[in-house]
Each structure stands twice: as structure tokens, then as C-alpha cells.
Amino acid sequence: MPTWLDDPLFLRPLLAGLALAVLGAPLGCLVVWRRIAFFGETLAHVALPGIAVALLSGLPPFAGAAAAALITAVLLALMMRQTDTGLDTVLATLAHVGLSIGLILLAQSRSIRLDPMSLLFGDILALSSADVGITVTVCIGGGQLLARTWRPLVFLTLHRDLARVSGLSDRTYDILFLAGLAGYVALAMKLVGLLLVTSLLVIPAAAAQPFSHTPEGAAIKSAMLAGVSVIAGLALSFTWDWPSSPAIVFVGGILFAAARAATMRRR
Amino acid sequence: MSSPASPRTLVSLRSIRFERGEQNILDNVDLDVAEREILTIVGPNGAGKSTLARIAAGLVRPDSGTVRHAPALKIGYVPQDFPAVPTLPISVRRFLDLPRRLSEAEAEEALDLISARHLSDKPLSRLSGGERQRVLIAMALAARPELLILDEPTKGLDPVSENDLYAQLPRLRDRFGFGVLMISHDLHVVMASTNRVLCLNRHVCCEGSPRDLDAIAAFQTLFADPTTTNLALYHHRPHLHHYDTDDRDHADLA
């Protein structure tokens with residue numbers, strides 16, 4: 001048995017990673033179905049200036065990341081209705097300008113002794129047991145909220161007009177969903193880093209779709225694939241000293257390719 | 001059968017104006033649908049038919065004018081298109097559950113009404129255009145609507161199913177007592193099952209019962225020929241109520 005199996009440095013990211021995998025699965029399915037992967041990307045990027053501002057003013061970085069992502073999410077949800085502005089362009093602009101401002105702010109301040117790399121690609125060694133506790137608690141709460149809004153969200157994803165005629169407020173659910181996405185990004189930042197956060201959402205969800213017959217089935221299978229990515233990725237990381245977050249994403253990529261190959265053979 | 005002196009008005013649109021950019025899509029449109037009435041809107045492409053249906057459904061707010069629904073009006077809406085979400089795995093049966101969870105009996109009944117029970121277990125993304133249209137109609141009917149808004153409900157249906165649907169509509173109306181606001185471009189097919197026809201080309205050109213449009217043959221040929229479609233609706237027909245809402249249009253055609 002490898003010695004790292006009962007090492008808290010392994011168990012902490014494992015616990016947090018599994019919680020994030022389970023919550024990220026249904027969120028990720030909605031992201032894939034709605035084709036808004038770039039949305040998550042943008043929310044992650046704009047979190048960086050939020051973190052920088054939080055650090056400069058002595059607040060916890062998570063609060064800064066969550067606030068910046070939340071504000072952006074709400075603004076984008078309100079803007080989504082006027083889609084003729086070229087949303088992908090707006091998102092790309094926001095993402096990269098946000099990332100740049102964040103990096104400039106971090107470089108300016110000498111009081112911050114923080115490696116930007118750890119924000120961009122995650123730093124599991126910095127994960128405290130308090131972090132793990134917060135992550136697991138928020139994931140449970142978020143999961144309950146998502147379960148309660150799941151059916152309307154699926155309906156709005158399939159046909160916005162039909163859902164609205166049936167009495168659903170698309171704006172309310174858009175804000176809720178994107179706010180949830182923003183919270184997730186802020187939460188997952190420490191484990192996987194801002195640049196790789198969407199991969200945790202999108203890759204398992206995309207791999208699970210062809211094998212599912214119901215929206216819930218897709219979410220459950222996606223959670224299982226995400227869980228496997230986290231476990232195998234962390235194991236690879238501890239065995240061969242790979243950077244952990246890229247290792248998790250790498251395993252996800254292999255699962256995705258395998259799923260694709262399997263569906264191609266089935267046809 | 002009891003018929004109240006004045007049937008309840010389900011939706012009432014007044015002086016509706018809708019613009020997109022510089023373009024005037026709807027100009028000063030009035031429209032009423034009473035309960036148990038089947039109103040069909042006809043008009044050429046780009047006449048603003050779908051926009052008007054969406055305004056009546058409360059999906060789009062007009063730039064000016066008023067939209068009044070009967071209190072707590074239940075609307076069933078069948079959109080013209082259903083952009084497929086091919087990655088989202090869901091069966092027809094589960095799809096019908098999305099607005100409100102249906103009992104097995106309710107779902108079967110809704111699918112039976114448009115002879116689509118065999119579709120129940122099929123994945124939504126694998127349906128043909130006509131099958132999808134049937135499922136949308138089943139969903140609308142399952143909501144027990146008081147007002148049914150159908151935006152080109154026969155799009156993608158073969159001619160036989162199309163005739164079926166139009167033949168069934170008055171029967172469904174009699175059974176459930178809803179009013180219907182329907183959009184169509186195949187005027188000749190729709191005639192038999194409609195109480196009132198409204199010709200729209202950005203404004204209401206004419207309005208009347210299909211019997212008033214007694215020159216159906218002429219109408220048909222005019223509708224069949226796209227080059228004259230726009231003109232057809234402006235010809236004065238003595239039997240029709242003609243709304244001279246906008247002199248500009250007449251000038252255009254002179």
C-alpha cells in the first residue's frame with residue numbers, strides 16, 4: 001500500500017475533490033446542454049482580480065473570488081436576453097481583461113507573497129482541513145438547492161419559451177444558475193485553479209451524455225466519471241509527482257476520449 | 001349546450017406596435033380571442049405572425065399597445081420551432097413532466113389525443129419534425145389550457161397528419177372548451193376548422209369568417225403564388241371587413 005494513502009495531504013484534496021465532483025456533475029451537465037462552457041471560463045477568469053482586491057484589503061481570497069464571479073454572473077444573466085451583442089465576444093473580452101487586471105494587481109502589491117501559478121492551476125498543498133470542511137458543506141447545500149431547481153432548469157434548457165409560458169421566470173433561474181456557477185468556480189479554485197475549473201464541469205458531463213437516458217442519469221454518471229478523475233488524478237499526482245490539478249484533468253480527458261471511442265464503435 | 005350571451009374574452013391586444021431596429025414589424029394591431037373560438041392568422045412570410053403570437057402568449061413585450069389576458073389565464077403554447085438540444089438525454093414521457101408532473105393516465109391521454117402514445121419512450125432528440133410537433137401539442141394540451149396558441153402547428157407534418165390535426169382541432173376545442181389562436185400559411189387547409197380568419201401583413205389587412213372569404217379558390221391561387229401573396233390581401237373584397245389602418249401600405253401597392 002502506498003504510504004500517501006493515509007496522508008492528510010492526500011486525503012484533504014481527495015475529500016474536497018470528490019465533493020466538488022459530485023456538485024459539479026449536474027452543474028456541468030447544464031453547462032454542456034446550454035453550451036455555455038465559455039461562461040464558466042469567464043467567471044473563473046474574472047475571479048482573479050477579485051482575489052487580488054481581497055488580498056490587498058486583507059479579506060479571504062475566496063470571498064473576493066466569489067464576489068467578483070457573482071457580480072459578473074448576475075450582469076451576464078441580465079445581458080443574456082440581449083444576445084445580439086455577440087455574447088461570445090463579450091465573454092472573451094471580459095475573461096482576458098479580467099485575468100490581466102488580476103495579474104497586474106497581484107504584481108503591484110509587494111505585500112502579497114502569493115504565487116499566481118497556485119491561483120491559476122490550484123495548490124492542493126495549501127488546502128487546510130477548514131477549507132475541506134467549507135467545501136464539503138457548501139457542496140451539500142449547493143446540491144440541495146440544485147436538486148430543488150433541477151426540473152425548471154432542465155425545462156428552460158430544452159425550450160425557454162415553453163418554460164416561460166408554463167410560468168417559470170427565466171431571469172430568476174438564469175441568475176440562480178449563474179450565481180451557483182460563480183460560487184462553484186470560487187470554491188473549486190483552490191483545488192483545480194482558475195484556468196482548469198471549467199474542465200472539471202465540462203469534461204465528465206460531456207463524457208457521460210451518450211450513455212444516459214435521463215437528465216438525472218447523465219448527472220449521476222457524470223458525477224461518477226468526475227469522481228474517478230479526482231481519485232485517479234490525485235493518485236497519479238502522488239505516485240509520480242505530477243502537478244495534481246493537471247493530473248485530474250488529464251484523467252478526465254482520457255475518460256472523455258474513451259467515451260467518444262465507445263460511442264463511435266456502437267454506431 | 002349552453003351558450004353564454006357574450007363569451008369571455010381570453011386575450012385582447014390593442015394598438016400593438018413592435019419594432020426591431022428600424023424595422024416596423026407590427027403596426028397598430030388589434031386582436032381578440034374569445035373562449036371556444038378558433039382564430040387563424042394568415043399572412044405572408046415576414047408579416048409578423050409569430051411575433052404577434054409571442055406577444056399574445058406574453059413572451060414578448062410590445063413597444064406600445066396593451067396586452068390583456070383573462071385573469072389567471074392558462075395558456076398552452078406550441079412554438080414554431082424546437083431547437084434540438086441533442087446532448088440532453090430525455091424521453092418524451094419525462095419531457096411531458098417538465099411543466100408539471102403528470103400521472104401515467106394524464107400523460108397517456110395527452111399523447112392519445114394526437115395519436116402519439118407510441119412515442120412515449122422515445123428520446124426527444126431522436127424525434128422527426130412531425131413527431132416533435134405532436135409532442136409539443138400533447139404538452140400544450142396536458143396543461144389543460146384555456147387559450148391554445150399554435151404557431152404553424154403542422155410544420156413538418158405530412159399532408160395526412162396535417163389534415164388530421166386540423167380536423168381534430170374543433171373536436172378538441174369542443175371537448176376542452178379552449179380558445180385557439182393559430183398561425184398558418186396554408187390558408188386553404190385551415191379554412192374548414194376555423195371560426196375567424198385574420199389577415200396580417202404588419203397590420204391587420206382584413207378579418208372575417210371563412211365563409212366571408214368565399215372566393216377561396218381565388219385566395220388559394222393568390223396564396224400559392226409567392227409573387228402575388230403580398231398583393232392578394234389588399235384587394236378589396238366586399239364581404240370582408242377591411243381595415244384602412246394605414247394609407248401608406250396602399251400607396252406602396254398602387
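This is a predicted model: local features need pLDDT of at least 70, side-chain atom pairs count only at pLDDT 80 or more; totals for chains, interfaces and linings use all residues.

Me: How many helices and strands does chain A have?

Reply: Start by listing the elements. Chain A has 11 helices and zero strands, so the run from the N terminus on reads α-α-α-α-α-α-α-α-α-α-α.

Me: What radius of gyration does chain A have, and what would a compact globule have?

Reply: The idea is to set the chain beside a simple rule. A compact globule of 267 residues would be near 18 Å, and chain A has 18 Å, which agrees. Along its principal axes, the C-alpha trace spans about 55 × 45 × 30 Å.

Me: What share of the residues in chain A count as buried?

Reply: Of the 267 residues, 51% do.

Me: Now one residue. Where is T72(A), and is T72(A) buried or exposed?

Reply: First find its element: T72(A) belongs to helix α3, residues 61-79 of chain A. Then count neighbours, where 20 or more other C-beta atoms within 10 Å means buried. T72(A) has 24, so T72(A) is buried.

Me: Which residues does T72(A) touch, leaving out those up to four places away in sequence?

Reply: T72(A) touches T42(A), L43(A), V46(A), L94(A) and A182(A). Take T42(A): T42(A) and T72(A) are 30 residues apart along the chain, with their C-alpha atoms separated by 8.7 Å.

Terms used. Residues are numbered from 1 along each chain as its sequence is written. Chains are lettered from A and ligands numbered from 1 in the order in which they are written. Helices (H or I, at least four residues) and strands (E, at least two) are DSSP runs, numbered from the N terminus. The radius of gyration is taken over C-alpha atoms; the globule rule is 2.2 Å times the number of residues to the power 0.38. A residue is buried if 20 or more other C-beta atoms lie within 10 Å of its own, exposed if 12 or fewer, and partly exposed in between; C-beta atoms are placed from the backbone. Two residues are in contact if their C-beta atoms, placed from the backbone, lie within 7 Å.
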